[in-house]
Amino acid sequence: MDAVLSATGAAVVRAISQDNGDRLSQAVVELWQRFRPHEAAGIEADLMELRQAAAEVGSSPDASGWRALEGLWRLRFRQLAQSNSAGTAQLLRFLDQRLAPLLAAAEREAPHPVTLEARASGHAVVFQAGRDQRVTYRDSDS
């Protein structure tokens, strides 16, 4: 559950400035209205601030500002789940049905920069990939 919420918090931060950011904000506010209604108005304001902060941080998702925003929203989603353990199944269902499709659309549109670095010495072999990789490796002694 924690991994799902952490990924959701980070994805919300990355997706908030995409084309469907308004629909995403509405879904997050709806989520808070369902599970923590007394905080829903504050979440709406926080999402507007998040959108501004995301615009100010810039386009590089590797920037420390992005990591800070993602950490904050991971914590918010984790706190949401911890405050309502009886509704865990409902929360997961909401994330899957309402939020995940919006996040998935934003993830497909968002650029995914990849930085790889490796050092090998001796008889070491390094295989790296930014996405899918298929390697067939045969030892010369076979």
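The largest nonpolar core here holds 29 residues, and Leu31, Leu47, Phe77 and Leu99 have the most contacts inside it. By nonpolar core we mean buried Ala, Val, Leu, Ile, Met, Phe, Trp, Tyr and Cys residues joined through side-chain atoms within 4.5 Å. Buried stands for under 20% relative accessible area, with over 50% called exposed and anything in between partly exposed (1.4 Å probe, protein chains only). Two or more residues come from each of helix 1 (2-15), helix 2 (21-35), helix 3 (40-57), helix 4 (64-83) and helix 5 (88-109). Helix 2 gives the most, with seven residues. In soluble globular proteins, nonpolar side chains tend to be buried together.

Keep in mind that this is a predicted model: local features need pLDDT of at least 70 and side-chain atom pairs count only at pLDDT 80 or more, while totals for chains, interfaces and linings use all residues. Residues are numbered from 1 along each chain as its sequence is written, and side-chain values use heavy atoms, with hydrogens and water left out.

Overall, the protein has five helices and zero strands; helices (H or I, at least four residues) and strands (E, at least two) are DSSP runs numbered from the N terminus. Of its 142 residues, 31% count as buried.

Now for two helix pairs. Axes are lines fitted to C-alpha atoms, for helices over the stretch in contact, and angles run from 0 to 180 degrees between N-to-C directions.

| Pair | Angle | Axis distance |
|---|---|---|
| Helix 2 and helix 4 | about 30° | 10 Å apart |
| Helix 3 and helix 4 | roughly 160° | within 10 Å |

So helix 2 is roughly parallel to helix 4, and helix 3 is roughly antiparallel to helix 4. The cut-offs are under 35 degrees for roughly parallel, over 145 for roughly antiparallel, 65 to 115 for roughly perpendicular, and oblique for the rest.

Where helix 2 meets helix 4, Val28, Leu31, Trp32 and Phe35 touch Arg76, Phe77 and Leu80 (contact is heavy atoms within 4.5 Å). That contact has six nonpolar, no polar and one charged residues.

One more spot in helix 2 is serine 25. At 16% relative accessibility, serine 25 counts as buried. Setting aside neighbours within four places in sequence, serine 25 is in contact with Ile16 and Leu47.

Terms used
Nonpolar A, V, L, I, M, F, W, Y, C, P; charged D, E, K, R; others polar.
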